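Subject: Structure for you to look at

Hi there,

Here is the structure I promised to pass on. Please open it alongside this note.

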Amino acid sequence: MSKLDIFKKEKRSRQSKRTGDPATQYMLDYVEGLGLDTVFTRQKRYEEKFMGIFPKTGRCDFGSLGICCRQCLIGPCRIWHKDVDLPLRINAPMQTRGTCGATADTIVARNWLVYHGRGCAAHSTTCKEVAETLLKTARGQTTYQIKDTAKLKAVAKKLGFNGNQTDEQLAEKIALTALSDIMGKPDGVSNKGGMTFANAYLPPKVLSRLKELNIMPTSSFEDVADADHQAVIGMMSDPYYFVMQSLKVGIADLMALLMTTEIHDILLGTPAPAPTKIGMNVLDEKMVNIAVHGHIPTLCEKVIQWADSAEFRDKAKLIGAKGINIVGICCTGAEVLQRHKIPLAGNNLQEDLLIATGVVDAFLMDVQCSYPSTHAMAEQFHTKIITTMKDARVSMADHLAFDPEKADEWAKQVLDLSINNFAKRPNKNHLPPFSPMNAIAGFSAEACIGVLSKIDKENPLKPLIDNVVNGNIYGVCLVAGCTSPKLATEETYHVLVKELLKNNVLILGSGCAAGACGRGGLLDTAATNQYAGEKLKKLLSVLGDVAGLGQPLPPVWHIGSCVDNSRAVNIASALAAALNVLIKDLPVVVSAAEAVTEKAVSIGSGAVALGFPVHVAVVPPVLGSPMVAKLLTADMKDLTGGCFIVEPDPKIAASQLLDIITERRKKLNLPVN
Ligand code: NFS
């Protein structure tokens with residue numbers, strides 16, 4: 001079989017159907033019927049145009065394989081590796097070095113590293129933003145409050161701060177530590193021992209391994225700058241070191257996520273599981289609908305608070321609305337879902353479709369993961385797009401720059417704009433005729449351990465360990481990351497998750513992947529009886545009873561936004577420390593099947609660096625270098641114990657993940673199926 005046939009599998013998936021969510025398909029038909037473009041439409045058109053030229057990849061073969069180099073002004077260079085099949089249309093001998101002399105191995109590895117820099121920069125800047133809000137709050141400069149003092153104290157204890165200080169003093173220290181982990185030491189001396197949060201949170205054995213491999217992150221801005229420097233012409237050419245730096249940047253990224261989660265919980269509260277709804281029809285045609293989108297929940301926290309005030313409830317009624325309905329999209333959506341059980345309307349692939357319902361009065365965009373065409377769709381309808389952060393400006397949008405010191409004033413302006421826009425609604429709306437799904441969300445690590453502690457107060461991790469040991473939980477899989485128009489979107493997760501559940505693998509879900517599970521009904525308690533294997537079903541029923549639910553816990557535990565992947569890292573770290581093993585020894589796996597963004601790439605590498613196997617169903621642009629592809633998917637197992645698994649077919653991927661779980665259980669002398 002040709003090495004490039006894997007692209008055919010990817011293509012098969014997206015050609016069978018475009019989405020696993022009927023409401024998405026319904027809206028897509030409607031929007032395309034109006035002659036309007038969406039990300040799905042463009043994906044299809046792209047494919048139709050390019051399949052004839054590049055039948056193997058359906059896109060440009062050079063770009064798909066990672067061997068298009070645009071790093072300097074001599075290029076672009078498009079070269080080929082002698083061991084990779086040539087594109088059908090090219091029968092002349094290809095160059096095997098760029099004009100500067102770079103080989104396919106160098107070009108692929110350098111391009112790969114560049115993704116990580118952008119991914120880590122995005123998460124680190126988000127972290128900087130929330131750490132600054134915590135600092136200002138500790139100094140009395142905002143109207144936010146420290147909502148979870150228990151969490152504040154727990155984080156302070158982990159970082160080794162003296163407990164005899166006021167909450168404000170502890171919050172200030174935590175914020176300053178996070179800022180120095182992001183930006184480096186103010187005196188310019190890098191933290192040679194590594195990021196403080198990494199040292200405090202990762203198990204000692206894992207830390208030693210990272211130090212041995214020389215991939216312990218120092219501070220995320222420094223590690224990203226190093227990566228950029230290494231990619232500069234005349235610097236690194238050895239593909240191995242590019243990949244090792246990508247692991248280091250990946251861990252720095254994961255630590256930025258971890259700090260962000262901890263600070264969000266301190267400021268906004270640590271989530272606990274409770275019922276909510278997921279689906280497009282959480283929009284309500286009789287209400288002023290405000291969609292919150294992005295990644296920084298501190299902003300819309302104030303909108304949520306003020307929307308519930310008599311002042312704005314009355315304003316909404318005055319213009320003929322029943323009230324104000326806030327709905328979430330993508331990761332800000334996951335944040336407000338987990339803390340306030342604000343219903344989740346969709347992910348970023350669905351933003352255009354939600355606007356096309358005609359009932360979204362305001363669309364708040366903070367940072368990351370919106371498509372640059374959204375304003376074009378908004379122009380066709382009445383939706384007001386409001387951008388809120390200086391780094392994310394969108395053509396034609398209203399811009400209301402958020403300032404934590406003036407958060408209340410800002411939120412009131414947002415609400416006024418949204419309410420006034422309700423009056424501009426078109427007469428006709430077009431909501432899909434599908435009810436939203438029931439879901440339970442809010443499984444913070446504390447909540448998971450809280451449920452377990454009802455079984456064993458003294459040692460709350462023991463029930464988890466016991467159930468992993470006896471096979472009630474055969475393994476754990478985190479499904480994380482984006483949804484992609486390159487696959488039958490969302491269905492990839494549905495098929496993979498159902499296969500794993502059948503085999504008693506407990507699923508944690510975050511970000512858009514968790515939202516996809518929600519739209520597939522997998523966050524509902526009813527899904528436990530329908531999909532979980534007998535052993536897992538029994539356990540989830542017991543846990544549902546001890547949690548006082550009177551029904552089983554759902555089989556997929558929604559742990560929050562993409563940022564909250566850190567919750568899964570914390571649970572795995574606690575398990576590894578309790579068992580005195582490395583993360584690479586645990587029967588815990590990850591699937592970011594529908595990865596899209598640079599952030600997904602860098603988080604993925606961070607997870608691989610810590611020892612997780614990470615599955616992706618979209619083919620990453622590394623196959624142009626057999627050496628880099630082998631390093632990431634095979635040789636890495638000997639370095640970190642983790643690896644990337646590339647498999648577009650979700651059923652086959654599930655069986656590969658199960659094999660890894662079985663292999664790891666065997667090594668731990670645990671019973672296997
Ligand atoms: Ni994460 Fe993917 Fe974005 Fe969230 Fe969704 S696209 S990398 S899940 S919204 S960050």
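Below is what turned up around the ligand and among the salt bridges.

First, the background: this is a predicted model, where local features need pLDDT of at least 70, side-chain atom pairs count only at pLDDT 80 or more, and totals for chains, interfaces and linings use all residues. Residues are numbered from 1 along each chain as its sequence is written, and side-chain values use heavy atoms, leaving out hydrogens and water.

**The nickel site**

Cys562 (SG), 2.4 Å away, is the single protein donor to the nickel atom of the ligand (donors are N, O and S atoms within 2.8 Å of the metal, or 3.2 Å for Na, K and Ca; water is not among the atoms, so sites may look incomplete). The four donor atoms around this nickel subtend angles of 99 to 133 degrees, so the arrangement is tetrahedral (four donors with all angles between 85 and 135 degrees).

**The salt bridges**

There are 35 salt bridges, each a side-chain nitrogen of Lys or Arg within 4 Å of a carboxyl oxygen of Asp or Glu. One of them joins arginine 567 to aspartate 265, with the closest N and O atoms 2.9 Å apart. Arginine 567 is buried at 2% relative accessible area, and aspartate 265 is buried at 0% (buried means under 20%, exposed over 50%, partly exposed in between, with a 1.4 Å probe and protein chains only). Lysine 151 pairs with glutamate 262 at 2.8 Å between the closest N and O atoms, and with glutamate 446 at 2.7 Å.

Happy browsing!

Note on methods:
Four donors count as tetrahedral if all angles lie between 85 and 135 degrees; four count as square planar and six as octahedral if opposite donors are over 155 degrees apart and all others between 65 and 115; anything else is irregular.
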